[in-house]
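Welcome! Here are a few exercises to work through with the structure at your side. Take them one step at a time.

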Amino acid sequence: MEIRFDGKVAVVTGAGRGIGRDVAKMLAKCGATTYALSRTQSHLDTLKQEVPDIRTVAVDLSDWDETQKAVESIGPVDLLVNNAGIGILQSILDVTKDAFEKTVNINLRSVIQVSQIVARTMVSRGTGGAIVHVSSQASMIGLHNHGVYSATKGGVDSLTKTMALELGPHKIRVNTVNPTVVLTELGKSAWSDPAKGGPMLSRIPLGRFPEVEDVVNSIVYLLSDKAAMVTGSCLPVDGGFLSAGV
């Protein structure tokens, strides 16, 4: 089942490393003119070295005005992946004002702002489009020390349904992927300790954590015409974790 995006313009946030980086590379491989957004110039520089055709944009998505300027400068967009996110893990009793504001600003506010800018270009052109948000299984279950992070991801899931409802008449599809722990470089370092990763892994019926490729493939499918009747969905990429209940 070949998927091509020739003639399409794609934007990926949080594309400096991890899932976002590999999504940007895959979209470029599939023929899309791809814009990779990250706040870290060095990550964009190495991405550009790997895939010279990718267009890189350094932007701090926590800054409203800077985000507006950077995303608007791209022009019309057909495909959007909102991948940028942060996690500051604190118990509910220890949540700080700074951590709360940073997490909400990146994980939810920037998703709304970038989606709004891009969706306006889709509506004005009348050609439709596809948007995928990267959420988390943490939006669907309770996890220790994930209160604010989970709340932002729950907000993204809810936003997805509202966007699908409002933008559907304009032929714009909006979906979310909800991965469990993913074996990015950060994921490997954070969850390689059996004492920490073991209990989580034991709840996954397929017996492993997803590779980055597993999430990338799900995102690419949702962006493609193969998912032409899929919108407003939240797709777990979790090896069956959620099927086992809480």
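Two strands pair if DSSP finds at least two bridges between them; strands (E, at least two residues) and helices (H or I, at least four) are DSSP runs numbered from the N terminus. This is a predicted model, where local features need pLDDT of at least 70, side-chain atom pairs count only at pLDDT 80 or more, and totals for chains, interfaces and linings use all residues. Residues are numbered from 1 along each chain as its sequence is written, and side-chain values use heavy atoms, leaving out hydrogens and water.

**Exercise 1.** Find the bridge partner of Ala-130 in E6.

*Solution.* Start with the strands: E5 and E6 (residues 172–179) pair in the parallel sense over 6 bridges. Within E6, Arg-173 is the partner of Ala-130. Next, follow the chain from E5 through helix H5 (residues 147–167) to E6: this β-α-β crossover is right-handed, meaning that, with the strands pointing away from the viewer, the path from the first strand over the helix to the second runs clockwise.

**Exercise 2.** Work out which residue stands opposite His-133 on E4.

*Solution.* E4 (residues 79–82) and E5 pair in the parallel sense over 4 bridges. Opposite His-133 you will find Asn-82. The chain runs from E4 through helix H4 (residues 97–125) to E5, again as a right-handed β-α-β crossover.

**Exercise 3.** Explain why E5 is largely enclosed by the rest of the structure.

*Solution.* Count the buried residues (under 20% relative accessible area, 1.4 Å probe, protein chains only). In E5 (residues 129–134), 6 of the 6 are buried, so the strand is largely enclosed. Now sort them by direction: Gly-129, Ile-131 and His-133 point one way, while Ala-130, Val-132 and Val-134 point the other.

Technical notes: Buried < 20%, exposed > 50% of the residue type's maximum accessible area, 1.4 Å probe, protein only.
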